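Have it open while you read.

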Amino acid sequence: MSVSVNEERNRIVRHGLLELTEHWALALSGLVLLLSGLFELPIAARYKIIAIPGFAWSGDFIPSLVIHYVASVVFIVAAFFHLFYHGLLQDRGLIPQKGDLKASIAVIKTFFGKGEEPPFDKYLPEQRLAYLGMAAIIAVIILTGLVKTYKNVYAPDLSHTLVFWSTWLHNIFFVLFILAFAGHIGAIILKPNRPMVRGIFTGKVRLDYARHRHPLWLSGADAPASPQPVQSIDESAIAETEIIMVDNTLAGESGEPPSSPGADTAGVAKMDKTEAAQGANPELPQEADK
Amino acid sequence: MKTKTDMNRRRFLKSVTAAALIGTAGALNVPRTAEAGEGKLATLIDLTRCNGCVDRAAPACVSVCKKIKTGRLPEPVDPIPLPFPTRKIEDWSKKKEVGNRLTPYNLIFVQKAEMDIGGDKKTLFIPRRCMHCDNPACATLCPFAANHKFENGAVVIDQELCFGGAKCKTLCPWEIPQRQSGIGVYLKVLPTFMGNGVMVKCDLCSDLLKEGKTPVCIEACPQKAMTIGPRKEIFAKAEELTKKIGGYLYGKTENGGTSTLYVSPVPFDRLDNVIRKGPGEPGLGAVKRQMAGTDTMGKAVLAAPAIGIAAGVAGAFAFVSKRKDRIRKES
């Protein structure tokens, strides 16, 4: 695994262009689906939403459905692409691991001043659990939505039992999707998580933050199986400084074999700046992310 | 289907006479009863035979439907909760006797069309109720699956599930479903903020169809103006009747096709011009299918999984190939 670091700018690439595209395709189409889905309920005329400038369409169920369909195409293509692309490349960075539930509870406790955060991999344990939960919600919404669409286009007299369950599961998981979305936004509002927000917009996060909170990621100890396509992210900026290749073979501040393969310093094969993999930077304001 | 033609007295009389003869023969050939309660059904309404039961206090189809169906609706709560923020309710419970339009307590009524044909005044009577469309937006877009089109062709609202949001009425080109506020499941949820009663319309007497019986309006018609039977047979009979009387067909293509075919000796656009229209009194004009504009994108949605899978597999393959090339070059 390679991790692109820009020491001068104190940045490390957390997400490649492909991941950012997947995330925002799902997020933006998901928001449109949420809104247009709401307008499939007879609420826009009743609650005068149609009077809001630009929302006159919301009271007409047919345009709302077309908008819902357009967003669905983006959402479904992105979801299936994600599943097959990362599935075939065996990317496991976001797959929950054993002990994630217990670790998540411990991390949540630290938000309330109880205990210390353990060193993290690229993703927090609660991020991995949330990913699984969101994936399950999206899967049900997509499958039931496909049944409903098939019924609309080809088979209005589809089995009532199938239509009934598809409709109600679609509605219930739509509510769960809203709750999960609210939880997702709530998580990034938490102060310790805020440095990650930059990453989902630019692809990069602060290097000192990553060293302090995600040392396992930098060590590559639990890195995803496939490399991230980092080349497409601001290559010129990265090229200006050294690119530190981190892998699982060698370690040591001075290039010597490590005494412990799992230590924070593990995995730095070529090192021009030895502090790159030292774990927490002594100069880092330790409380800044708490 | 013919939409416009010249109409004169001779032609009208010819049509009516022919229809009377053919209708009688047709009534013998086509089962009026839905003996085959299963399979796709359709109804034929022969306007050359309907006389509006002018000799009765109310048309037989109207009075029998009212008798059978009206008693099935529960009494609304008192007072009926006022919905926020419109504060508008629809309460027909104190006007159950109304029979000259569609209401939650009157699921069929007879429209009167008076015309001047070749100098003679002629009157046609048109029984009106749900058309039971082939691809009904009212049912497919119901957000709670409370309205559904069944395999036999009947479009039925489940009154236990309906919240009375009236989306079905908005989507129906004839605005057939009618709302009764103060009844239904919405009262148990958030009656002020969500829902406003129950939508009610003709269900083609689905319970009777399941038993192999005939809808009560068809059974009660003294003129045998209405016929129900296997869809193919009814459609063939309607086409044959239309052709033989030089008449006109309504319901075959309207809203993308329906399970109710009207045969008339007079063009329907002309009938549409003379009948009274308004709330609960639908017109007879040409109607495009409500859902037609959504089909293309709907098909794109159904293709989206295949597109996503193809892109994912191609992307992964390209990535692996690129990595192999890089390793080969490096080595």
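1. A definition to begin with: two strands count as paired if DSSP finds at least two bridges between them. This is a predicted model, and in it B:Asp46 stands opposite B:Val263 in strand 10 of chain B. Strand 1 (residues 41-46) and strand 10 (residues 260-264) of chain B run parallel, with four bridges between them.

2. Now the other partner of strand 1. Strand 8 of chain B is joined to strand 1 of chain B by five bridges, this time antiparallel. B:Leu41 has B:Pro230 as its bridge partner there.

3. Putting the sheet together: four strands of chain B make an open sheet with mixed pairing, ordered 8-1-10-9. Strand 8 (226-230) and strand 9 (248-250) of chain B are the edges; each has a single partner strand, so one side of each lacks a neighbour in the sheet. On average, neighbouring strands are turned by 25° against each other, direction ignored. Helix 7 (residues 231-245) of chain B packs on this sheet and touches strand 1, strand 8, strand 9 and strand 10 of chain B, with its direction at about 25° to that of strand 1.

4. Is strand 1 of chain B buried or exposed? Six of its six residues are buried. Both faces are covered, with B:Leu41, B:Thr43 and B:Ile45 on one side and B:Ala42, B:Leu44 and B:Asp46 on the other.

5. On the cores: the largest nonpolar one has 62 residues, and B:Ile126, B:Trp174, B:Tyr250, B:Tyr262, B:Phe268 and B:Leu271 touch the most other members. Strand 2 (residues 109-117) of chain B contributes the most to this core, five residues. Another core, of 28 residues, lies apart from it and includes A:Leu26, A:Leu33, A:Leu65 and A:Ile138.

6. Aromatics next. The count over all chains is 16 aromatic pairs. For A:Tyr47 and B:Phe84, the ring centres are 6.2 Å apart and the planes at 45°, so this pair is tilted. The pair crosses between chains, linking a loop of chain A to a loop of chain B. A:Tyr47 is partly exposed at 27% relative accessibility, and B:Phe84 is partly exposed at 43%.

7. A:Phe55 and A:Trp57, by contrast, are stacked, at 6.0 Å centre to centre and 25° between the planes. There is also one aromatic cluster made of A:Phe164, A:Trp165, A:Trp168, B:Phe144 and B:Phe163.

8. Last, charges over rings. A:Arg14 lies over the face of A:Trp217, 5.7 Å from the ring centre. In chain B, B:Lys95 lies over the face of B:Trp92 at 4.6 Å.

Notes: Residues are numbered from 1 along each chain as its sequence is written. Chains are lettered from A and ligands numbered from 1 in the order in which they are written. This is a predicted model: local features need pLDDT of at least 70, side-chain atom pairs count only at pLDDT 80 or more; totals for chains, interfaces and linings use all residues. Side-chain values use heavy atoms; hydrogens and water are left out. Helices (H or I, at least four residues) and strands (E, at least two) are DSSP runs, numbered from the N terminus. Axes are lines fitted to C-alpha atoms, for helices over the stretch in contact, and angles run from 0 to 180 degrees between N-to-C directions. Contact means heavy atoms within 4.5 Å. A nonpolar core is a set of buried Ala, Val, Leu, Ile, Met, Phe, Trp, Tyr and Cys residues joined through side-chain atoms within 4.5 Å. Buried means under 20% relative accessible area, exposed over 50%, partly exposed in between (1.4 Å probe, protein chains only). Rings of Phe, Tyr and Trp (its six-membered ring) pair if their centres lie within 6.5 Å; planes under 30 degrees apart count as stacked, over 60 as edge-to-face and the rest as tilted. A charge sits over a ring if NZ of Lys or CZ of Arg is within 6 Å of the ring centre and within 35 degrees of the ring normal.
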